[in-house]
Amino acid sequence: TYPTENSTLSETLPAGAYYVRVRAINEFGHVSNWSTAKEVNVGLFAHKIDMATIGWNTGDSPIDFVLNDNDAVILARHSDLGDGSDDDFYVSKVNFDGTTMSGRSYKNDALSPQTISKTQSGYLLTGYAKSSWYDKTIFEINEAGTKLWQQDIDHNLNLDTQTMTTEYVDGAVQLSDNTYVFINTTYNYTITGPLNSWGTYPTTLDNKELKISILDKSSATPQITSHTISNPDSGSYDYLNKLLLTDSNLYAAGRYTRSSGMTGSSTDDNYIPATTDSGSFLISMDKADGSIISHKTGGGISNSNISGLIELTNGEITVSYSNHQTGVTTTFASNANTSISKRDNTIVYPKITSEPNGGYFMAGASISDPKKSIISRYNNENQRIGIPHTFNSCFKNLDITSIKYHPDYGLIALGTDQSTTSYYSSKHTVLFNITDDFKYLCPSTKN
């Protein structure tokens with residue numbers, strides 16, 4: 001209760017949904033009845049954004065976003081600045097009031113956007129190079145959207161030795177003024193025949209190399225040095241998927257398969273995979289030069305896809321992953337070779353973000369109803385707090401792409417939804433925030 005003798009009341013409240021009632025006391029001391037409660041939403045926003053409305057595919061495809069004080073910078077695959085061919089490289093800055101402040105296509109610089117991270121001058125982007133689908137590219141833009149530089153990661157073709165490579169880049173961050181680190185995988189092939197009508201060579205895969213690579217731009221000719229990740233004594237590191245830069249360290253995560261830990265899978269909706277030592281691995285690196293400090297593994301499920309890598313407030317690192325039957329998080333201790341894994345049999349394709357109280361949020365698709373998205377909250381011991389929340393019916397087919405935590409606006413989600421439940425209904429982008437107790441608004445278009 002807030003007493004006041006003025007006709008207005010000013011009070012700072014955290015973002016959320018509140019119910020307000022008022023009553024008055026007149027000059028004779030008579031106290032009136034309470035008024036009807038009125039819902040007041042403080043600091044909540046929910047926006048529907050149509051990035052792609054032309055061409056043969058008008059479905060939006062946001063990839064990821066980064067947060068600023070009052071806006072989000074979104075990386076997306078489709079936009080009206082493309083040619084309608086279903087492949088653009090689009091970066092949009094959207095204010096939390098729903099206003100699109102800027103939008104620019106980089107289709108002449110790159111294809112198939114993959115990742116975005118914040119830099120000292122703007123944003124670092126990765127995708128497929130224009131030169132060849134075998135090559136990947138990294139480039140930086142400033143806050144105005146101007147490209148500052150670009151570096152292709154080229155494949156190698158050697159017809160004398162009948163060998164070739166392809167490159168994949170799955171994340172990049174800035175370390176210092178002229179130094180950047182990226183994770184990449186080099187696939188090594190033997191050519192088994194002549195050039196075909198598709199303009200490619202038939203090949204067999206010999207091996208692949210998982211790498212931590214440093215791009216040094218301090219000289220006129222940029223230099224790339226790489227640290228190759230060796231497999232553990234028992235099992236293999238299959239894929240390198242996520243990169244994370246923190247105040248104290250640099251981390252990368254991927255899928256781990258233990259030699260004796262493989263388990264089967266099933267398409268039966270009621271099947272729950274057996275617990276296994278296979279799951280994820282975590283690489284700790286030196287922030288100065290990207291050199292590898294340590295390897296750790298955590299078990300949960302086999303044949304997993306890594307979907308998230310975050311730091312908790314206590315310095316521990318959490319990795320999320322899943323297959324089509326269950327979701328798992330593994331939290332690695334910061335100062336010991338131990339980990340805690342938690343299986344969540346209600347969710348698949350989990351996205352995670354840390355929160356100030358020490359735990360994290362996890363959002364993804366409901367196993368019981370793939371057209372429904374759910375969200376849960378966990379403490380730092382991977383124990384779920386309460387029950388999962390299913391997003392309400394104002395979303396027809398919500399698919400959450402990424403979640404982040406903002407110090408003022410709380411949990412913010414990026415994803416896609418449809419106007420109807422029909423399969424043919426086109427997807428649009430949604431950007432909205434959520435209170436810690438799962439209150440939120442239904443998205444609407446900014447006028």
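Mentor: Let us begin with one pair of side chains. This is a predicted model, and in it Arg 258 and Asp 277 meet in a salt bridge, with 3.4 Å from N to O.

Trainee: Where in the chain do Arg 258 and Asp 277 lie?

Mentor: Arg 258 belongs to the loop between β18 (250-257) and β19 (276-285), whereas Asp 277 is in strand β19 itself. The two residues are 19 apart, and the pair links distant parts of the chain.

Trainee: Is Arg 258 buried or exposed, or something in between?

Mentor: The general idea is that a residue counts as buried under 20% relative accessible area and as exposed over 50%, with partly exposed in between. Arg 258, at 28%, is therefore partly exposed. Asp 277 has 49% relative accessibility, so this residue is partly exposed as well.

Trainee: How many salt bridges are there by this rule?

Mentor: The count comes to nine. One of the salt bridges joins the side chains of Glu 143 and Lys 93, at 2.7 Å from N to O. Glu 143 sits in the loop between β10 (136-142) and β11 (147-153), and Lys 93 in strand β6 (residues 90-95), 50 residues apart. Glu 143 is partly exposed at 39% relative accessibility, but Lys 93 is buried at 13%.

Trainee: Which residues are linked in a network of salt bridges?

Mentor: Glu 355, Arg 377 and Asp 436 are linked in this way. Asp 436 is in the loop between β31 (427-434) and β32 (444-445), while Arg 377 is in strand β27 (residues 373-378), 59 residues away. Arg 377 is buried, its relative accessible area being 15%; Asp 436 is partly exposed, at 29%.

Trainee: What does the secondary structure of the protein chain come to?

Mentor: The chain has zero helices and 32 strands. Its radius of gyration is 24 Å, close to the 22 Å that the globule rule gives for 447 residues, so the chain is as compact as a globular protein of that length. Along its principal axes, the C-alpha trace spans about 100 × 50 × 45 Å.

Trainee: What share of the 447 residues is buried?

Mentor: Buried residues make up 46%. As for the surface, the chain exposes about 21600 Å², of which carbon and sulfur atoms supply 46%.

Conventions. Residues numbered from 1 in each chain as written. Predicted model: local features only at pLDDT ≥ 70, side-chain atom pairs only at ≥ 80, totals over all residues. Heavy atoms only, no water. Helix = DSSP H or I, 4+ residues; strand = E, 2+ residues; numbered from the N terminus. Rg over C-alpha atoms; globule rule 2.2 N^0.38 Å. Buried < 20%, exposed > 50% of the residue type's maximum accessible area, 1.4 Å probe, protein only. Areas by Shrake-Rupley, 256 points an atom, 1.4 Å probe, with all protein chains shown as cover. Salt bridge = Lys/Arg side-chain N within 4 Å of Asp/Glu carboxyl O.
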